[in-house]
Amino acid sequence: MPVTIQEIADRAGVSRGTVDRALNGRRGISPETEAKIKEIARRMGYRTNRAGRALALAARGEKIGVLVQAADTPFMKEVIEGVRDAASEYEQYGIAVDLQQIGNVDAKKAVSILDQFAERGCGGIALVPADDALLREKLNQLTGEKQIDIVTFNSDVEGVKRLCFVGQDSIQSGRTAAGLMAEILPERAVCLVLSGHPSNLSNEYRALGFQRELGGLRGDIRILPVQYDYDSDRKAEEITAAILRDTVELSGIYLAAAGAEGVCRALEKSGAVDRVKVISNDITPANMQALRERRLDFLIGQDAHAQGYEPVRVLFEKLLDGKVPEQENMYTEILIKTRYNV
């Protein structure tokens with residue numbers, strides 16, 4: 001015969017309601033008690049009624065909030081498609097996905113949207129964060145006082161108790177780009193590193209991984225201080241043009257974020273396309289076309305669709321089944337594209 005909630009309650013020495021809260025991932029129970037009850041349920045062979053639980057969640061109007069920052073960039077548009085695919089799949093279970101977008105990176109606006117998610121009763125929130133003290137404080141309030149589950153994706157944030165992070169291992173991504181750059185630059189070359197936003201840890205860690213690895217591989221290469229284009233092609237073009245005017249020896253450019261089109265325009269206007277090697281992140285349609293046209297030398301990809309889809313799946317399973325991710329970091333694959341495999 002199937003194991004009942006009452007039998008689990010009797011074995012654990014708690015009420016039926018406490019068992020229900022533990023097995024359904026509801027609030028009002030300590031993590032220790034929840035873990036104890038789940039272990040007893042597992043040993044007794046308890047199986048949940050997933051369809052019934054989905055109906056119960058739908059009746060409560062359970063929601064998942066998703067916040068995408070830098071939403072205007074080509075890469076993030078592909079991430080958003082992953083969010084929408086997951087929403088379409090899981091909303092049939094009665095769990096609504098509330099997708100909100102910020103065109104740039106704005107911690108203050110992000111905090112306001114997070115407050116709205118909490119007011120609307122979101123049991124889980126997935127977001128692209130910024131490394132900002134105000135945002136960290138808000139996220140810790142949501143996970144502490146509100147007991148809302150948080151998943152970060154694409155970029156992470158330090159000092160926050162989240163379920164997991166979904167995205168690329170940014171340090172390794174930067175190291176991968178550095179390994180490629182070390183093979184194609186001439187002796188005593190100068191290399192420029194272009195990043196996006198200083199508050200985006202994904203951008204920062206890529207740049208850091210690149211600098212450390214290239215410096216270790218090629219001590220003869222001079223790496224210029226990191227410049228920030230704020231995901232703007234116009235700004236990337238301005239920075240590149242200025243460096244080309246001042247640095248005759250410039251032979252390599254690494255883009256840790258968006259801005260490849262702007263870099264290519266600057267190189268074309270200065271006649272430096274054949275001389276300066278360019279490695280960029282993100283396999284977007286525009287970047288792949290530039291790769292085919294030999295305006296870019298390598299692209300480093302990171303599976304945009306998975307970064308949008310997986311956070312919604314993780315939160316859905318946590319709300320429905322109380323399932324916690326086995327890994328704190330769910331890293332997406334590091335892909336390398338050349339003009340021969342696009």
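This is a short tour of a predicted model, moving from its confidence to its cavity and then to one residue of a helix.

Residues are numbered from 1 along each chain as its sequence is written. Because the model is predicted, local features need pLDDT of at least 70 and side-chain atom pairs count only at pLDDT 80 or more, while totals for chains, interfaces and linings use all residues, and side-chain values use heavy atoms, with hydrogens and water left out.

Begin by colouring the chain by pLDDT (the predictor's confidence in each residue, from 0 to 100): the chain mean is 89, and 94% of its residues reach 70 or more. Select helix H4 (residues 50–59), where confidence is lowest at a mean of 57, and then helix H8 (residues 170–184), where it is highest at 97. Where pLDDT is low, the predicted coordinates should not be read in detail.

Next, select Met 76, Asn 154, Asn 200, Asn 203 and Asp 231, which lie nearest the centre of the largest cavity among its 18 lining residues. Helix H5 (74–90) and helix H9 (201–217) are the elements that give two or more residues to this lining, and H9 contributes the largest share, three residues. The lining comprises eight nonpolar, seven polar and three charged residues.

Finally, go to Glu 237 in helix H10 (residues 233–246), which counts as buried because its relative accessibility is 15%, buried meaning under 20% relative accessible area with a 1.4 Å probe and protein chains only. Show the residues around Glu 237: leaving aside those up to four places away in sequence, Glu 237 touches Gly 262, Val 263, Arg 265, Ala 266 and Lys 269, where contact means heavy atoms within 4.5 Å.

Notes
1 Å grid on protein atoms, 1.4 Å probe; cavity = no way out; pocket = protein on both sides within 12 Å on 5 of 7 lines; lining within 4 Å. Helix = DSSP H or I, 4+ residues; strand = E, 2+ residues; numbered from the N terminus. Nonpolar A, V, L, I, M, F, W, Y, C, P; charged D, E, K, R; others polar. Buried < 20%, exposed > 50% of the residue type's maximum accessible area, 1.4 Å probe, protein only.
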